Amino acid sequence: MKAVTYQGAKDVQVKEVADPKLHKKDDIIVRITSTAICGSDLHIYQGAVPAEKDYVIGHEPMGIIEEVGSEVTKVKKGDRVVLPFNISCGHCYYCEHEMESQCDNSNPNKQLADTGAYFGFTERYGDYQGGQAELLRVPYGNFMPFVIPESCELEDEALLFMSDVLPTAYWSIENSGVKKDDTVVVLGSGPVGLMTQKFAWMKGAKRVIAVDNVPYRLNHAKKMNKVETINFDEHEDAGYYIKEITGGGADVVIDCVGMDGKKSTMEAIGQKLKIQGGTLSAIQIGLNAVRKFGTIQLTGIYGSKYNMFPLGQIFERNITVKAGQAPVIHYMPMLFDKITNGEIDPTEIITHRVSLDDASNAYKMFNDHEDEVIKVILKP
């Protein structure tokens with residue numbers, strides 16, 4: 001089969017690789033009909049998250065079930081399914097308590113990280129091959145797949161983002177505790193940031209402010225979500241500017257940027273030397289923008305080690321910091337209803353649709369902010 005493979009920093013190539021096979025009796029094989037490039041994939045692309053050569057990447061897939069293991073009863077061959085980026089067993093403590101992103105049984109690499117596992121996100125997170133491919137082996141076939149009813153006539157593009165973007169954005173609002181009449185600042189106007197802005201309004205926020213330094217992304221945010229926009233490059237300190245215009249700071253700041261925000265020279269060098277997990281610039285903006293007793297939600301991915309983390313400022317101002325990978329599976333039915341009821345239109349974030357064969361060029365375009373790219377769909 002064809003698949004998008006990692007070959008080195010800023011080098012992904014579509015190659016022929018072995019077709020996946022059933023490993024366990026509850027595995028399924030899915031023929032991928034649509035998948036997407038995620039901002040998190042850029043961490044692998046850039047070399048910030050180490051991967052082996054020829055590793056298949058991608059974690060936003062959907063398709064048609066082609067083969068099922070002998071113990072699979074929930075789904076059948078021919079079912080159309082969306083697959084969550086979390087790999088989750090369905091019966092451990094975390095899966096049973098709607099914390100599927102930290103499944104206790106899916107990641108065998110406890111010596112690397114005592115975390116959950118994810119499709120296409122390297123050995124550290126379970127070493128599962130990714131979904132930017134023609135075929136994908138999916139474990140835990142009785143728990144993971146979301147089956148799209150045969151009566152649903154929506155195209156893939158309307159449903160694909162149930163795999164990651166939509167639940168990640170919705171969880172960010174829910175986990176951060178956004179409530180009616182809150183002022184919410186969203187750092188980053190990529191796909192997750194855009195949907196987080198939308199969900200903040202739906203939760204009852206009275207003011208939503210989008211922060212970015214890419215003008216076309218801010219324009220997309222304003223057009224799609226009718227938010228206030230701030231280009232942080234136009235302010236000496238965007239965080240303090242937000243504190244000033246909000247009369248003391250935002251109730252909630254949601255960081256949808258993470259380690260790949262704008263880096264200082266020292267941060268860039270430190271990341272290359274593996275002594276710094278990336279930039280703290282988004283966290284610093286968020287800390288200056290949030291009110292006392294406010295909440296900062298870290299949704300963008302961060303590396304493991306950070307120098308100069310502002311713990312003292314967080315402590316002395318009673319700031320709550322929440323972080324992590326969003327659990328996906330239990331949100332999928334609710335999000336499906338919102339899509340089919342017309343409450344949300346996920347296709348608003350799509351700017352590019354390309355063949356899987358064009359993935360290498362699409363990655364470069366996405367990484368370099370070319371052609372006003374927001375979200376790229378890959379069609380195997």
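## Helix packing, cores and loops in a predicted model

Leaving aside neighbours within four places in sequence, Glu-370 is in contact with Lys-364 and Met-365. Glu-370 sits in the loop between H12 and S18, and with a relative accessible area of 32% it is partly exposed.

**Helix H12 and what follows it**

- Helix H12 covers residues 359-367, and its buried residues are Ala-359, Ala-362, Tyr-363, Met-365, Phe-366 and Asn-367.
- The cover over these buried residues of H12 includes the strands S1 (2-8), S2 (11-16), S3 (28-37), S17 (352-355) and S18 (376-379), together with helix H1 (41-45).
- After H12 comes His-369, which has a positive phi, near 55°.
- As background for reading that value, most residues other than glycine have a negative phi.

**Pairs of packed helices**

- Two packed helices are described by the angle between their axes and the distance between the axes.
- Helix H5 (residues 191-203) packs with helix H6 (residues 215-225) at an angle of about 30°, and their axes are 10 Å apart.
- Angles under 35 degrees count as roughly parallel, and H5 and H6 are therefore roughly parallel to each other, while the crossing in which H5 passes H6 is right-handed.
- On the H5 side the contact involves Leu-194, Met-195, Gln-197, Lys-198 and Trp-201, which meet His-220, Ala-221, Met-224 and Asn-225 in H6; by class, the residues of this contact are 5 nonpolar, 3 polar and 1 charged.
- Helix H7 (residues 238-245) and helix H9 (residues 281-289) have axes 7 Å apart and pack at an angle of about 25°, and they are therefore also described as roughly parallel to each other.
- H7 and H9 make a right-handed crossing, in which Gly-239, Tyr-240, Ile-242 and Lys-243 of H7 and Ile-285, Asn-288 and Ala-289 of H9 form the contact.
- The residues of the contact of H7 with H9 divide into 4 nonpolar, 2 polar and 1 charged.
- For H4 and helix H11 (residues 332-340), the axes come within 10 Å and cross at roughly 105°, and these two helices are therefore roughly perpendicular to each other.
- Leu-166, Pro-167 and Tyr-170 of H4 make this contact with Met-334, Leu-335, Lys-338 and Ile-339 of H11, and by class the contact has 6 nonpolar, no polar and 1 charged residues.

**Nonpolar cores**

- In soluble globular proteins, nonpolar side chains tend to be buried together.
- The largest nonpolar core holds 97 residues, of which Leu-159, Phe-161, Met-162, Leu-166 and Phe-199 touch the most other members.
- Helix H4 (residues 165-176) gives the largest share of this core, 6 residues.
- Leu-166, not counting residues up to four places away in sequence, touches Phe-161, Met-195, Phe-199, Leu-335, Ile-339, Ile-344 and Pro-346.
- There is also a second, separate core of 22 residues, which includes Val-30, Cys-92, Ala-117 and Tyr-140.

- Phe-232 has its place in the loop between strand S13 (228-231) and H7, and apart from neighbours within four places in sequence it is in contact with Val-211, Asp-212, Asn-213, Ala-238, Lys-262 and Ile-285.
- The C-alpha atoms of Phe-232 and Tyr-216 are separated by 14 Å, and the two residues are 16 residues apart along the chain.
- Thr-183 lies in strand S11 (residues 183-187) and, because its relative accessibility is 7%, it counts as buried.
- Leaving aside neighbours within four places in sequence, Thr-183 is in contact with Lys-206, Arg-207, Thr-246, Ala-250, Asp-251 and Val-252.
- Glu-98 is found in the loop between helix H2 (93-96) and strand S8 (117-118); the phi of Glu-98 is near 60°, a positive value in a residue other than glycine, and at 48% relative accessibility Glu-98 counts as partly exposed.
- Met-308 is placed in the loop between strand S15 (290-298) and helix H10 (311-316), has a positive phi near 65°, and counts as exposed because its relative accessibility is 77%.

Definitions and conventions
Residues numbered from 1 in each chain as written. Predicted model: local features only at pLDDT ≥ 70, side-chain atom pairs only at ≥ 80, totals over all residues. Heavy atoms only, no water. Buried < 20%, exposed > 50% of the residue type's maximum accessible area, 1.4 Å probe, protein only. Helix = DSSP H or I, 4+ residues; strand = E, 2+ residues; numbered from the N terminus. Contact = heavy atoms within 4.5 Å. Axes fitted to C-alpha atoms, helices over the stretch in contact; angles between N-to-C directions. Parallel < 35°, antiparallel > 145°, perpendicular 65-115°, else oblique. Left-handed = near helix turned anticlockwise from the far one by under 90°. Nonpolar A, V, L, I, M, F, W, Y, C, P; charged D, E, K, R; others polar. Core = buried A, V, L, I, M, F, W, Y, C linked by side-chain atoms within 4.5 Å.
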